[in-house]
Amino acid sequence: MMKLHHFVVLMTLLADGGPVSSPARGAEGDAGTVAPQARIASTDGGAAARQPVVAEGIEWPDDLRPLATLDGPAILAAHAALQRVMAKVPKEFAGDCSYSAKAMEVTVGQKGGLYFVEINRRVDKCGWAVPGFNPSPHWFELYAVSPDGKVLARYPYNP
């Protein structure tokens with residue numbers, strides 16, 4: 001009877017396509033399957049750079065770095081984006097704190113002359129939820145806003 005460790009080695013070799021043949025043997029190899037050679041894309045071992053998301057003529061940033069201080073145009077941008085989110089809230093949730101401006105966390109960043117406003121829902125600010133509780137963890141809104149407060153586009157994401 002085959003021992004367990006021998007069985008595991010056999011199953012691993014069968015799943016991988018057999019042992020890797022040595023390249024030193026040349027043309028008189030063992031007629032086994034040729035193992036695919038790994039292609040090295042970069043020398044640092046890191047992930048390849050992701051292509052930027054471009055939608056409606058706007059290049060969206062990969063990560064939003066918040067501004068340390070908000071100037072007038074940044075405040076206009078935040079207000080315009082927050083107004084857009086509040087206008088999308090269904091009327092039956094109008095009195096619910098979870099869908100009010102009180103429960104929204106606004107982050108403003110700037111890139112390429114545009115303001116990018118990210119809005120996250122934070123129900124723990126309403127007082128009934130424990131800090132960190134989020135009933136919909138993937139809910140967020142991201143808008144590109146001009147310095148004069150005009151919402152140019154919404155990030156192409158459907159929560």
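1. Basis. This is a predicted model, in which local features need pLDDT of at least 70 and side-chain atom pairs count only at pLDDT 80 or more, while totals for chains, interfaces and linings use all residues. Residues are numbered from 1 along each chain as its sequence is written, and side-chain values use heavy atoms, with hydrogens and water left out.

2. Make-up. The protein has two helices and six strands, in the pattern α-β-β-α-β-β-β-β along the sequence. Helices (H or I, at least four residues) and strands (E, at least two) are DSSP runs, numbered from the N terminus.

3. Burial. Of the 159 residues, 26% count as buried, meaning under 20% relative accessible area with a 1.4 Å probe, protein chains only.

4. Sheet. Four strands form an open sheet in the order E3-E4-E5-E6, with antiparallel pairing; two strands pair if DSSP finds at least two bridges between them. Strand E3 (104-111) and E6 are at the edges with a single partner strand each, so one side of each has no neighbour in the sheet.

5. E4 and E5. Strand E4 (residues 114-121) runs antiparallel to E5 and is joined to E5 by six bridges. Phe116 stands opposite Ala144 in E5.

6. Ser146. This residue lies in the loop between strand E5 (140-145) and strand E6 (151-154). Ser146 counts as buried because its relative accessibility is 9%. Beyond its neighbours within four places in sequence, Ser146 is in contact with Leu114, Tyr115 and Leu152, contact meaning heavy atoms within 4.5 Å.

How values were computed
Buried < 20%, exposed > 50% of the residue type's maximum accessible area, 1.4 Å probe, protein only.
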